[in-house]
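The stops below go from strand pairing to side-chain contacts.

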Amino acid sequence: MLRFGELKVQTDSIQHLFYVQVYFCELQPDDLRTELYANAVNGNCLVRQPMKVMRPLVGILGGYVFTARVTADRPACDYTPRLIPHQIGVTTSLENDLILWQR
């Protein structure tokens, strides 16, 4: 089953550093786009920050840790990791049922 695991955030005065576990099962990380998403609110722009594979999870087939950095000008709780179908040249609407949100 495609799912998220533990989410950790490290914050300093300049940036938030996100780490999230993702379990892909039979899929590969390149089959989906893993990103941090934040709505456009209170004058802030919408954010879609790609997350990168940091490392595979030891002893777990299809499990990986992804990471991304964003500036700390917004609270870390504004951001949510998500997985969206990914094919070059194809867009996915925000309301698509195939998007898996971390929360």
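Begin with S1 and S2, which make a hairpin with 3 residues between them. Helices and strands here are DSSP runs numbered from the N terminus, helices being H or I of at least four residues and strands E of at least two. This is a predicted model, in which local features need pLDDT of at least 70 and side-chain atom pairs count only at pLDDT 80 or more, while totals for chains, interfaces and linings use all residues. Residues are numbered from 1 along each chain as its sequence is written, and side-chain values use heavy atoms, with hydrogens and water left out.

Select residues 3–11 for S1 and residues 15–23 for S2; the two strands run antiparallel and are joined by 7 bridges. Two strands count as paired if DSSP finds at least two bridges between them.

Next, display the open sheet of 4 strands, ordered S4-S3-S7-S8 with antiparallel pairing. S4 (47–50) and S8 (100–101) are the edge strands, each with a single partner, so one side of each has no neighbour in the sheet. Strands of a sheet pair through backbone hydrogen bonds, either parallel or antiparallel.

Zoom in on S3 (residues 32–38), which pairs with S4 in the antiparallel sense over 4 bridges. Here Leu-36 stands opposite Gln-49 in S4.

Now turn on side chains. Which residues are linked in a network of salt bridges? Select Arg-33, Glu-35, Arg-48 and Arg-82. A salt bridge is a side-chain nitrogen of Lys or Arg within 4 Å of a carboxyl oxygen of Asp or Glu, and a search of the whole structure finds 4 of them.

Centre on Glu-35, which is buried at 0% relative accessibility (buried means under 20% relative accessible area, exposed over 50%, partly exposed in between, with a 1.4 Å probe and protein chains only). Glu-35 and Arg-82 form a salt bridge whose closest N and O atoms are 2.5 Å apart. Glu-35 lies in S3 and Arg-82 in S7 (residues 80–85), so the pair ties together parts 47 residues apart in sequence. Arg-82 is buried too, with a relative accessible area of 3%.

Glu-35 also meets Arg-48 in a salt bridge (3.1 Å, N to O). Arg-48 lies in S4 and Glu-35 in S3, so this pair ties together parts 13 residues apart in sequence. Arg-48 is partly exposed, at 40%.

Finish at Arg-74 and Asp-78, a salt bridge with its closest N and O atoms 3.1 Å apart. Arg-74 is buried at 5% relative accessibility, whereas Asp-78 is partly exposed at 24%.
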